[in-house]
Amino acid sequence: PHFDCLLCLRCCGDGGSGHIPLKEMPTVQLDTHHMGTDVVIVKSGRRICGTGGCLANAPLHQNKSYFEFKIQSTGVWGVGVATQKVNLNQVPLGRDTNSLVLRHDGSVYHNNEEKSRLPANSLPQEGDIVGITYDHVEMNLYLNGKNMHCPASGIRGTVYPVVYVDDSAILDCQFSDFYHTPPQGFEKILFEQQIF
């Protein structure tokens, strides 16, 4: 009988999950440890709904990163970059130095100032893909693969992708398997290799 017991432990215990090969990098996704109290994250950390903001679980360490958001259902929303000091319960973001975001109305806000604005005829609609590049100086925005030529900058320190929703907006994040090819030189967010 104790043999069955061992077998059971081997399958169901943490015999398999305890040893993760170093090559396997964690998946970049929305971080349920860094989200507003009324935020709901579903679809394996890819979809946000509810009210409030959420950071991704990987900082933008590399020189040039690219990530996308798909507007599944419109409402009040925003996407961009933020530091871990950002208040994720306070929508909209962009009110202080801790976030730099494109808001659903096409304005790009940082520290309560409008830094940039999408062309009036290019406001993201339901089903659209918003692409974001960040190179530690500028954030640039793409709509369905097209550069909107409205760079924005000003945020300092270690930043993370951020998204917020309200008023029944639903957004999906793409941190890999992009809808559109990233601009030249930009690539998906990579976790820094841990050196042990």
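The protein chain contains one helix and 14 strands, where helices (H or I, at least four residues) and strands (E, at least two) are DSSP runs numbered from the N terminus. This is a predicted model, in which local features need pLDDT of at least 70 and side-chain atom pairs count only at pLDDT 80 or more, while totals for chains, interfaces and linings use all residues. Residues are numbered from 1 along each chain as its sequence is written, and side-chain values use heavy atoms, with hydrogens and water left out.

**Burial and overall contacts**

- Of the 196 residues of the protein chain, 44% count as buried, a class that means under 20% relative accessible area, against over 50% for exposed and in between for partly exposed (1.4 Å probe, protein chains only).
- The protein chain exposes about 10600 Å², and carbon and sulfur atoms supply 50% of that area; accessible areas come from the Shrake-Rupley method with a 1.4 Å probe, and for residues only the protein chains shown count as cover.
- Among contacts in the protein chain with a separation of 6 or more, 66% are accounted for by residues 24 or more positions apart, a contact being heavy atoms within 4.5 Å.

**Nonpolar cores**

- The largest nonpolar core has 37 residues, and those with the most contacts inside it are Ile48, Trp77, Val79, Val81 and Leu171; such a core is a set of buried Ala, Val, Leu, Ile, Met, Phe, Trp, Tyr and Cys residues joined through side-chain atoms within 4.5 Å.
- Apart from this core lies another, of 10 residues, with Leu88, Val91, Val101 and Tyr164 among them.
- Not counting residues up to four places away in sequence, Ile48 touches residues including Leu30, Val39, Val40, Ile41, Val163, Val165 and Leu171.

**Salt bridges**

- A search of the whole structure finds three salt bridges, each defined as a side-chain nitrogen of Lys or Arg within 4 Å of a carboxyl oxygen of Asp or Glu.
- Asp172 forms a salt bridge with Arg47, with the closest N and O atoms 2.6 Å apart; because Asp172 lies in strand β14 (residues 170-174) and Arg47 in strand β3 (residues 47-56), the pair ties together parts that are 125 residues apart in sequence.
- Both Asp172 and Arg47 are buried.
- Lys115 forms a salt bridge with Glu113, the closest N and O atoms being 3.9 Å apart; Lys115 counts as partly exposed at 35% relative accessibility, as does Glu113 at 42%.
- Glu114 forms a salt bridge with Arg117, the closest N and O atoms being 3.0 Å apart; Glu114 is partly exposed, with a relative accessible area of 40%, and Arg117 counts as partly exposed at 41% relative accessibility.

**Buried polar and charged residues**

- Arg103, placed in strand β6 (residues 99-103), is buried yet has no salt bridge, and the nearest side chain of opposite charge, Asp105, is 5.8 Å away; Lys and Arg count as positive and Asp and Glu as negative, whereas His and the chain ends are not counted.
- The side chain of Arg103 reaches the backbone oxygen of Leu93 at 2.9 Å, and, with residues up to four places away in sequence not counted, Arg103 touches residues including Trp77, Pro92, Tyr109 and Tyr164.
- Ser107 has its place in strand β7 and is buried, with a relative accessible area of 0%.
- The side chain of Ser107 makes a polar contact with the side chain of Asp105 (2.6 Å); a polar contact is a pair of N or O atoms within 3.5 Å, and within protein one must be able to donate a hydrogen and the other to accept it, while residues adjacent in sequence count only if both atoms are side-chain atoms.
- Thr83, in the loop between β5 (76-82) and β6, is buried, with a relative accessible area of 9%.
- Thr83 and Thr158 are 75 residues apart in sequence and 6.0 Å apart in space, C-alpha to C-alpha.

**Backbone geometry in loops**

- A cis peptide bond, with omega of about 0°, joins Val91 and Pro92, and Pro92 has its place in the loop between β5 and β6.
- Asn112, a residue other than glycine, has a positive phi near 65° and lies in the loop between β7 (107-110) and β8 (113-117).
- Asp167 has a positive phi of about 60° although Asp167 is not a glycine, and Asp167 lies in the loop between β13 (160-166) and β14.
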